[in-house]
Amino acid sequence: MFIGFDYGTANCSVAMMEQGKPRLLALENNQHYIPSTLCAPTRESVSEYLYRFMDVSPVNATGEQVLRRAMSMNREEDIIVERGDLLFGQAALDCYLDDPEEVYYVKSPKSFLGANGLHDVQISFFEDLVCAMMKNIKSKAEQDAQQAISSTVIGRPVNFQGTGGERANQQAEGILRQAAQRAGFQHIEFQFEPVAAGLEYESTLTGNKTVLVVDIGGGTTDCSLIEMGPEWVGKHDRTKSLLAHSGQRIGGNDLDIHLAFRQLMPLFGFGSKTLKGTDMPISQFWNAIAINNVAAQTDFYGSSNFRALDQLRRDAADPEKLKRLIQVYHDTLGYQIVRKAEESKIALSDAAQYCTNLNVLSECLQADISQSDMAAAIESPRVKMAELVLEAMQQSDKKPDVIYMTGGTARSPILRASIEALLPNVPIVSGSYFGSVTAGLARWAQHCFK
């Protein structure tokens, strides 16, 4: 049996073909989408749990080194890894929110796969993270489908990383392929996510069209200009139909981070002054919430940074706010702050104003955010997303007949208005914001494995 697998930055989903149509499979509590999150007692617990309870062994010397080190460190800390210690999806998020200081929590590991400068040991650990998530999803999908799954087409962005070029893409795809093989998939293919979304839209067309697919997901924005319609349906080689591609690691997570930075981090001292009247260093407030940046998170949560934060508190004109930032450091609250921004972003898609609440140091902090506040906060990533649309258009001399917007972040009225301004008089349509990529991957899997 084969599936389409959308290993997403925000959520994961899979679909099988049933009676000629894609059917999404249940992955958590009868839901078709599972948040791309993982929670464990410690970082080292992930590799040991994968080996002990998911029956997945390392496949090379580096992987064996990572596993031996993990098991040794767990023994030294008197940590006994038990069945049920590794949680996924909403269960992982709930565990983290319940006690953020006592667990190891990862959101959106896909964001890190193309990062520059990763060592072999880091790559091997990311492979363990992804493999554990894929193994869990494969198991849940097989329960719903009631049959074994051997083959998959996995979606991938045009570019995993803003820098690093094709080398970063090869690194990220290599991690995904190796993780999928270890999770039990025997046959693995990849397809660009915007192309997959386009294939699902193509199934609705009765005539040929030139379609600009704009896929704005949690971690990346990808644009593809594609010839679609009855002339192309069923063709395995679609090379000539793909007119242009652009993509970058900028997506919904970036909107959340920018919104948190501008609207929530002032509660923690951003924008305040020292006793001498100088500005607080921006990096301390940005790094705390840059959850898709390994280096930034390492800098903020590193043991040496506590002294710098405590010095800022002593120098601050408003030390109470810096006490809150120190609590973010101690309790690893960056994910919680960004999640509050994400909730605000979603609410502001329909409401003019939204009030969000944060609990820190026994305080209930509030921030009132308006649509105009959000528009100002996300201006930088919005401009970058618009540039990707223009880049795709510049690669071809053809103008699209229609724009197909997909991906969870494509629901944003701010982004939709931005694209309308770039291509006036070109109609914009949308299908399932979350499911179109998965459905298209299942359709492509039928071409690959049938």
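Here are some questions and answers about this predicted model.

User: How many residues does helix 11 have, and what span does it reach from its first C-alpha to its last?
Analyst: Let's start with where the helix sits: helix 11 covers residues 319-331. That makes 13 residues, and at 1.5 Å a residue the expected span is 18 Å. The model comes close to that expectation, with 13 residues reaching 18 Å.

User: Which strands do the buried residues of helix 11 pack against?
Analyst: The buried residues of this helix include L322, L325, I326 and Y329. They pack against several helices, among them helix 8 (282-289) and helix 12 (334-347). The strands they pack against are strand 13 (353-360) and strand 14 (363-370).

User: Is T406 buried or exposed?
Analyst: First find T406 in strand 15 (residues 402-406). Its relative accessibility is 1%, and buried means under 20%. Therefore T406 counts as buried.

User: What joins the side chains of T406 and S436?
Analyst: Leaving aside neighbours within four places in sequence, T406 is in contact with residues including A197, V214 and S436. With S436, the side chains are joined by a polar contact of 2.3 Å.

User: How many residues does the largest nonpolar core have?
Analyst: L212, M265 and F268 have the most contacts inside this core. Apart from it lies another core of 48 residues, among them M133 and F185. The largest nonpolar core has 64 residues.

Key. Residues numbered from 1 in each chain as written. Predicted model: local features only at pLDDT ≥ 70, side-chain atom pairs only at ≥ 80, totals over all residues. Heavy atoms only, no water. Helix = DSSP H or I, 4+ residues; strand = E, 2+ residues; numbered from the N terminus. Expected span 1.5 Å × (residues − 1). Buried < 20%, exposed > 50% of the residue type's maximum accessible area, 1.4 Å probe, protein only. Contact = heavy atoms within 4.5 Å. Core = buried A, V, L, I, M, F, W, Y, C linked by side-chain atoms within 4.5 Å. Polar contact = N/O pair within 3.5 Å; in protein donor to acceptor, adjacent residues only side chain to side chain.
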